[in-house]
Amino acid sequence: MRLILLGPPGAGKGTQAARIGAEFGIPPISTGDMFREAIKLQTELGKKVEKYLSSGELVPDDLVLGIVAERLAQPDTAGGFLLDGFPRTVPQAQALDGYLAEKGQSLTAVIEIAVDPEILVARLSGRRICQNCGAVYHVVTKKEQETGVCDLCRGQLIQREDDYEATVRNRLAVYARQTAPLIQYYHEAGLLMRVDGAKPIADVYREIERGIRNRVEQ
Ligand code: ADP
Ligand code: ADP
Ligand code: ZN
């Protein structure tokens, strides 16, 4: 099963990816997490991408494609994968198509998590992530059990620098301009499945799960 989660910043991609990955036994792959890790470690890649993440602009396609190709060459993706936050531009989607075609593979489905922009701002400003494992929380809708401490690994919860309001507005504009065209792209490819991301986390998951099962049975 090879899946893509598509949707604006704050739609719930990371939240749903963790659950889908666990239930279907496929690795969730988040380019955003990979970039944040590289920045934390100050690797060559991390130094190159830092300015894009802090301004909310997209990392140039060649840098993104490099890390994705490397990740998809890992053996744990042989049985499938779930991409979260990639592709984000039409050239990235075309490159992915080419990469899969070379291996005689294709995508199973693209799940669009649709959410109104007004809701997104509230979601992103309340988002907290675990500094250690990347698990996602929210100050209102998904609180941790012990304040400031990750339920899963006891790491420290922090606010992402790009979740402050000024950067959030830019990220939403970047999504509308550069990533939203992928909705049409995958619709034309017959792969698109849309779910209502404004519902509670568990309801969104159920809708996604049902959609995936329908498609796999087809
Ligand atoms: P969110 O989950 O809020 O949409 P991500 O964690 O996916 O954010 O991405 C954070 C940042 O990492 C983006 O604003 C962008 O700078 C960079 N990034 C992540 N994935 C990509 C990608 N596929 N192409 C270009 N830039 C990316
Ligand atoms: P994305 O990866 O698409 O940027 P996240 O999964 O990080 O989105 O979710 C953004 C924020 O919204 C997080 O704080 C998360 O806990 C919260 N959230 C995710 N899904 C929902 C939902 N269905 N209802 C309410 N809050 C949600
Ligand atoms: Zn953690």
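Mentor: Let's start with an idea: a polar contact is a pair of N or O atoms within 3.5 Å. This is a predicted model, where local features need pLDDT of at least 70 and side-chain atom pairs 80 or more, while totals for chains, interfaces and linings use all residues. Residues count from 1 along each chain as written, chains are lettered from A and ligands numbered from 1 in written order, and side-chain values use heavy atoms, without hydrogens or water.

Trainee: Which polar backbone atom is 2.7 Å from an oxygen atom of ligand 2?

Mentor: One of Tyr137. A polar backbone atom of Lys199 is 2.7 Å from a nitrogen atom of the ligand, and a backbone N or O of Gly10 lies 2.8 Å from a ligand oxygen. Altogether, 20 residues surround ligand 2 (a heavy atom within 4 Å), and Lys13, Thr15 and Arg127 are among the closest.

Trainee: Now helices: which residues of α8 are buried?

Mentor: Helices are DSSP runs of H or I, at least four residues, and strands are E runs of at least two. Buried means under 20% relative accessible area and exposed over 50%, using a 1.4 Å probe on protein chains only. In α8 (181–188), Leu182, Ile183 and Tyr186 are buried. They span an arc of only 110° around the axis, judged by directions to the C-beta atoms, so they sit on the same side of α8. His187 and Glu188 are exposed on the other side.

Trainee: What do the buried residues of α8 pack against?

Mentor: Contact means heavy atoms within 4.5 Å; their partners are β1, α5, β4, α7 and β8. After α8 comes Gly190, with a positive phi near 75°.

How values were computed
A polar contact is a pair of N or O atoms within 3.5 Å; within protein, one must be able to donate a hydrogen and the other to accept it, and residues adjacent in sequence count only if both atoms are side-chain atoms.
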